[in-house]
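Trainee: Could we go through this model together, one question at a time? I would like to see how each answer is reached.

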Amino acid sequence: GGNNLCQSEVNPLACLKTNFDALYVENLDRFWTITHEAAAKAEQCSLLPDTVAFLDLVRIKSNNTEFNEFFSEVIERMATRDTTCLLNALVNMDKDSQKLIMGKLRNPLFLESAAIEKALKNAQNNKFKFVVDLYFQSDK
């Protein structure tokens, strides 16, 4: 049954990615527990792979409004509070994921675009330039 989905996995986030819709439908509590734990680890920024693993959820391209709002809220907060952490994770991701994240940041749901732009400009350096450019150059 669905209630056992992603219960005993070593990597619950990977399980959630594989079973995204099923888990949401069959075990909402577990879905949000995994998502919130992954977000908390991403925002702690102590381990780069944890931040990358959470940001990688952008690839799911879900139509789930509740999830999309939560995801946007986390990355908007990271863009303004933990900008270097966010950019550090992004430079370690593929181009598609980078574009998807920057696309969400260009159309923020919770914060003003100006705050995100300012944070990205302030964090810009040679290492992050090509990722930050994705935010500014794109087809606004």
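Trainee: Happy to start with charged pairs. How many salt bridges does the count come to?

Mentor: Keep in mind that this is a predicted model. A pair counts when a side-chain nitrogen of Lys or Arg lies within 4 Å of a carboxyl oxygen of Asp or Glu. By this rule, the count comes to five salt bridges.

Trainee: Which parts does the salt bridge of Arg77 and Glu43 tie together, and how many residues apart in sequence are they?

Mentor: The side chains of Arg77 and Glu43 meet at 2.7 Å, N to O. Arg77 belongs to helix H5 (residues 65-81) and Glu43 to helix H3, so the pair links parts whose separation in sequence is 34 residues.

Trainee: Which residues of H4 and H6 meet, and how many of the contact residues are charged?

Mentor: The axes of H4 and helix H6 (residues 83-90) come within 9 Å and cross at roughly 75°, so these two helices are roughly perpendicular to each other. Leu48, Thr51, Val52 and Leu55 in H4 meet Cys85, Leu86, Asn88 and Ala89 in H6. By class, the contact of H4 with H6 has six nonpolar residues, two polar and no charged ones.

Trainee: Nice. Which elements give two or more residues to the lining of the largest pocket?

Mentor: This pocket has a volume of about 220 Å³. Its lining includes Leu13, Ile34, Lys41, Asp50 and Phe54, and by class it has eight nonpolar, one polar and three charged residues. The elements giving two or more residues to the lining are helix H1 (12-18), helix H3 (28-44) and helix H4 (48-55).

Note on methods
Residues numbered from 1 in each chain as written. Predicted model: local features only at pLDDT ≥ 70, side-chain atom pairs only at ≥ 80, totals over all residues. Heavy atoms only, no water. 1 Å grid on protein atoms, 1.4 Å probe; cavity = no way out; pocket = protein on both sides within 12 Å on 5 of 7 lines; lining within 4 Å. Points joined across faces, edges and corners; volume = space filled by probe spheres on them. Helix = DSSP H or I, 4+ residues; strand = E, 2+ residues; numbered from the N terminus. Nonpolar A, V, L, I, M, F, W, Y, C, P; charged D, E, K, R; others polar. Axes fitted to C-alpha atoms, helices over the stretch in contact; angles between N-to-C directions. Parallel < 35°, antiparallel > 145°, perpendicular 65-115°, else oblique. Contact = heavy atoms within 4.5 Å.
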